[in-house]
Amino acid sequence: MLSNNDPRKPSPDSYPNRKIKKREGQVMTPELICKLRDGSQEAFKTIYLHYYGSVENFLFSLLRSREEAEETAQDVFMTLWEKRERLDPSHNIRSFIYTTARNAALNLFDRRKVMDRFSKMAPVPINDETTSEDMLIARETELLIRLVVARMPKTRRRIFELNHYENMDNTEIAEKLGISKANVANHLALARKDIREVIRMLILLLLV
């Protein structure tokens, strides 16, 4: 594996138009993953240009800082390069990229606090039509919601938690916190807007 100081290590910052839309018909084939695993910078560049925009936007929806999102996205792809030899060409690389991006975002939060709350969540409801993939996506979505909530202003976070996790309505929350129902409604609307955005970015990332 190339070391961090190896001159052959790819430098994503040097790639032109790194946020360009991915080419139509461009597919992450097992052959491409094999080339990446063998150290092909061209394969790395292809994957980088294919996924970078989705990864950065996903991270921005969590971190709410474009600078942090850009820096973290760079770290995600450097991790991909450094761990390329572990890749399995028979598996879709987007799962590796998504997991790396999610973990990178977690590292910028109080990871222990978030994971402690996550471990205490109610289990995902199961029925005869629920698949293991459905359960995984549901759990991942709930974890991402926790991440978004952790970054909210204190009052908005408290209002959302009372509503979402303690099933209190606007009137009950207003009385508990000593604020108006209109204020509660406004905070909930802003909280849900942030959450919809991160879920939308998750779906886009998983579909590319």
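1. In which helix is lysine 181 found? In this predicted model, lysine 181 is found in helix 9, the element that spans residues 181–207. With a relative accessible area of 49%, lysine 181 is partly exposed, because the exposed class begins over 50%. Once its neighbours within four places in sequence are set aside, lysine 181 is in contact with Asn170, Thr171 and Ala174. Aspartate 169 is twelve residues away from lysine 181 along the chain, and the C-alpha atoms of the two are separated by 9.6 Å.

2. Is histidine 187 buried or exposed? The relative accessible area of histidine 187 is 14%, and the residue is therefore buried, the limit for that class being under 20%. Not counting residues up to four places away in sequence, histidine 187 touches Thr155, Arg156 and Ile159.

3. Arginine 200 and glutamate 197 form a salt bridge, in which the closest N and O atoms are 3.3 Å apart. Arginine 200 counts as partly exposed at 42% relative accessibility. Glutamate 197 is likewise partly exposed, with a relative accessible area of 26%.

4. How many salt bridges does the structure hold? The structure holds four salt bridges. Side chains of opposite charge can pair when their charged atoms come close. One of the salt bridges joins the side chains of arginine 66 and glutamate 56, at 2.9 Å from N to O. Arginine 66 lies in helix 3 and glutamate 56 in helix 2 (residues 41–63), so this pair ties together parts that are ten residues apart in sequence. As to accessibility, arginine 66 is partly exposed, with a relative accessible area of 32%, whereas glutamate 56 is buried, with a relative accessible area of 2%.

5. Another salt bridge links glutamate 166 with arginine 158, and here the closest N and O atoms are 3.8 Å apart. Glutamate 166 counts as partly exposed at 44% relative accessibility. Arginine 158 counts as partly exposed at 30%.

6. The packing of helix 3 against helix 4 may be considered next. Two packed helices are described by the angle between their axes and the distance between the axes. At what angle do the axes of helix 3 and helix 4 cross? The axes of helix 3 (residues 66–82) and helix 4 (residues 93–107) cross at roughly 130° and come within 9 Å. The two helices are therefore oblique to each other, since an angle would have to be over 145 degrees to count as roughly antiparallel, and 65 to 115 to count as roughly perpendicular. The crossing of helix 3 and helix 4 is right-handed.

7. Which residues of helix 3 and helix 4 meet? On the side of helix 3 they are Thr72, Val76, Phe77, Thr79 and Leu80, and on the side of helix 4 they are Ile93, Phe96, Ile97, Thr100, Ala101 and Ala104. The residues of this contact divide into eight nonpolar, three polar and no charged.

Terms used
Residues numbered from 1 in each chain as written. Predicted model: local features only at pLDDT ≥ 70, side-chain atom pairs only at ≥ 80, totals over all residues. Heavy atoms only, no water. Axes fitted to C-alpha atoms, helices over the stretch in contact; angles between N-to-C directions. Helix = DSSP H or I, 4+ residues; strand = E, 2+ residues; numbered from the N terminus. Parallel < 35°, antiparallel > 145°, perpendicular 65-115°, else oblique. Left-handed = near helix turned anticlockwise from the far one by under 90°. Contact = heavy atoms within 4.5 Å. Nonpolar A, V, L, I, M, F, W, Y, C, P; charged D, E, K, R; others polar. Buried < 20%, exposed > 50% of the residue type's maximum accessible area, 1.4 Å probe, protein only.
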